[in-house]
Amino acid sequence: MFRATIEEIHGNQAIVVDEKGGLIKVYLSVNRFVTFQVGDKVLVGYNGVMQESSPAQIRTLSVDLVKE
């Protein structure tokens with residue numbers, strides 16, 4: 001899992017920036033109960049494999065809002 005901030009949303013996909021500044025493509029459709037917005041802080045669960053592309057790609061298992 002990692003924490004990130006949503007930078008862009010395109011349909012059911014988002015580009016997030018992780019705590020190290022890396023861009024990662026995330027599938028928001030894994031959580032149908034939340035309407036995500038640009039700027040939201042999220043906790044992303046994935047299978048541990050990150051494809052090195054631009055942006056990096058993962059198999060998104062969960063996406064949850066982080067309440068600060």
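A nonpolar core here is a set of buried Ala, Val, Leu, Ile, Met, Phe, Trp, Tyr and Cys residues joined through side-chain atoms within 4.5 Å; buried means under 20% relative accessible area, exposed over 50%, and partly exposed in between (1.4 Å probe, protein chains only). Strands (E, at least two residues) are DSSP runs, numbered from the N terminus.

The model is predicted: local features need pLDDT of at least 70 and side-chain atom pairs count only at pLDDT 80 or more, while totals for chains, interfaces and linings use all residues. Residues are numbered from 1 along each chain as its sequence is written, and side-chain values use heavy atoms, with hydrogens and water left out.

The five strands form a closed barrel in the order S1-S2-S3-S5-S4, with mixed pairing. On average, neighbouring strands of this sheet are turned by 50° against each other, direction ignored; the axes are lines fitted to C-alpha atoms, and angles run from 0 to 180 degrees between N-to-C directions. Two strands count as paired if DSSP finds at least two bridges between them.

Most residues other than glycine have a negative phi, and most peptide bonds are trans.

Alanine 14, in strand S2, is buried, with a relative accessible area of 0%. Beyond its neighbours within four places in sequence, alanine 14 is in contact (heavy atoms within 4.5 Å) with Ile6, Glu8, Ile9, Ile24, Lys25, Val26 and Leu28. Alanine 14 and leucine 28 are 14 residues apart in sequence, and their C-alpha atoms are 6.7 Å apart in space.

Isoleucine 24 stands opposite alanine 56 in S5. Not counting residues up to four places away in sequence, isoleucine 24 touches Phe2, Ala14, Ile15, Val16, Asp18, Met50, Pro55, Ala56 and Ile58.

Lysine 25, also in strand S3, has glutamine 57 as its bridge partner in S5. Lysine 25 is buried yet has no salt bridge, defined as a side-chain nitrogen of Lys or Arg within 4 Å of a carboxyl oxygen of Asp or Glu. The nearest side chain of opposite charge, glutamate 8, is 10 Å away.

S4 and S5 pair in the antiparallel sense over seven bridges, and methionine 50 has isoleucine 58 as its bridge partner in S5. A hairpin of four residues joins S4 to S5. Proline 55 sits in the loop between these strands, and a cis peptide bond, with omega about 0°, joins serine 54 and proline 55.

Terms used: Lys and Arg count as positive and Asp and Glu as negative; His and the chain ends are not counted.
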